[in-house]
Amino acid sequence: MTNQTTPAVEMDMAALLDSVEIAEPRQLRRGEVVEGTVMNIDRDGVLVDIGFKSEGIVPQSEMHSLGADPLTKVAMGERILVYVMQPETAEGQVALSIDRARGEQGWRVLQERFESGDIFEAEVTGYNKGGLLANVEGVNAFIPMSQVVGAKPGTDGTNPLSAQVGRGLRLKVIEINRRRNRVILSERAALQEWRAEQKDRLLDELAEGEVRAGRITSIRNFGVFVDLGGADGLVHLSELSWDRNATPEDLFKVGDEVQVYVMKVDHETKKIALSIRRASPEEWEQLITRYQVGDVIPGVITKLVAFGAFARLPGPVEGLVHVSELVDRRIGHPEEVVEEGDIVPLKIVRIEHDRHRLGLSLREARNEAMVRGWQFDADGRVTAVPEEASDSFKSEVAALLPKMAERAARATEDASRRQQVQQERETETTTQRTAMRDEAPVLTAMQAAMQQAQAELQNQQDDVPVAEAPAAEAPVVEAPVAAAPAVEAPAAEIAAAEAPAAEAVAAESEPEAAAAEEPETKSEA
């Protein structure tokens, strides 16, 4: 029975097999993109079921497009697209790549972004000595250091780019070459374009006098730049702190979050002036509570300007000494009296709480300061500082000691020179007076000679009798001629050079004698 039916059964099975089409195993080709399911995740990579006779393996080196830590970006059972790099390896597995699968489509996306100039975000996956590495849509791209914002070589030898790994950056495609497999990105270009758009918006929103939060993006010797969320504003050095002596590097570092006061918004130049110290006015009020109008306290000159000098008081708090409050006399510039770094006594003449300003005076503080031990030279410069002022500014006083000693020596030298000049003037005056007295006898001798001649002539006239006057009238008139030799004799004895002068004087005396004699003649007549 069995033997008879066996051939029939075999024939039925053969017919059945012929009638059923058996599907042949699918053949994979290099470069093909297929979809698979994540079956396992380990440190070597990800095991993916792609419906082939064996699973495929995706090594970590082919997963950069997922981010800095790619193994954490996939999950068991997740469906992903993979690129077939090798249909069958020596281990019998299929070599797959997530990066290349995304890259084929990514090149087209990047080309579109390059042509349109779009800005996009991407995560930094690595770095080298030249810049940062990023994977965009499965395509490895390079960001040169010159195109990374705020990336500068560290002074301690560390690479500043290492801290950028894992960060998301706003980027823009500035070069693409599919044939050379080259894509260059720029954070700087993207940031500039994005900021230009945000700045216009922010300028319309900002209002002078409001306080906003910002982040310090750059530190310079003239101040710091603060990002307000799309636009940078400048905080000038004078607006960083109530202590003007502090430097930006000592107060802040890049990345610090600060509160800023909006001082001015210029829509034409698109500039924003900010202040950090004005954002906390209560700090100034706390510093100023220790002072009152009329107090005389030491201060350090921190800056000279045409209209006065800024001085820092202990605290620290700063005020202005107007040029008219430096000395009693009129000066053209404060440098005629003070220099930066000088320690001087100052009197508080005004406290403006609403404007956070102090008015100081060196001129009004001088008298009281001299009583306390301050010393000044003739120009009003400080030459000696009392001990109480030295305690407030120890380092400043130590640095100023050589300069004050030089001023004191110069003041002593000037005083000695002035005393010497005064003595020379007094000596010259005395000499002139003595010379005048010495010259007076010479003139008196000449006059005495003339007077003597005239006296002798008068005596001769007095000896003539009154009755004989008419007869002797002619000799009387001629008497001056006879008296000439008597006048010339004293003149010749004085000096031969003065003889003409004596003769002239004698000649002038003849008319005088005749005139004196004429009344007598008339009276006799």
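Which residue in strand 4 is the bridge partner of Thr37? In this predicted model, the bridge partner of Thr37 in strand 4 is Arg79. The contact belongs to the pairing of strand 1, residues 33-42, with strand 4, residues 79-86. These two strands run in the antiparallel sense and are joined over 5 bridges.

Strand 1 also pairs with strand 2, which spans residues 45-49. This pairing is likewise antiparallel and extends over 5 bridges. Strands 1 and 2 form a hairpin, with 2 residues between them. Within the pairing, Gly45 of strand 2 stands opposite Asp42.

A separate feature of the model is its largest pocket, which holds about 1200 Å³ of space. The pocket is lined by 30 residues, of which Val149, Gly150, Leu191, Thr217 and Val254 are the closest to its centre. Two or more lining residues are given by each of strand 9 (168-177), helix 3 (187-205), strand 11 (211-220) and strand 12 (223-227). The largest share of the lining, 8 residues, is contributed by helix 3.

By residue class, the lining of the largest pocket comprises 12 charged, 10 nonpolar and 8 polar residues. Among the residues closest to the centre of the pocket are Val149 and Gly150.

Notes. Residues numbered from 1 in each chain as written. Predicted model: local features only at pLDDT ≥ 70, side-chain atom pairs only at ≥ 80, totals over all residues. Heavy atoms only, no water. Pairing = 2+ DSSP bridges. Helix = DSSP H or I, 4+ residues; strand = E, 2+ residues; numbered from the N terminus. 1 Å grid on protein atoms, 1.4 Å probe; cavity = no way out; pocket = protein on both sides within 12 Å on 5 of 7 lines; lining within 4 Å. Points joined across faces, edges and corners; volume = space filled by probe spheres on them. Nonpolar A, V, L, I, M, F, W, Y, C, P; charged D, E, K, R; others polar.
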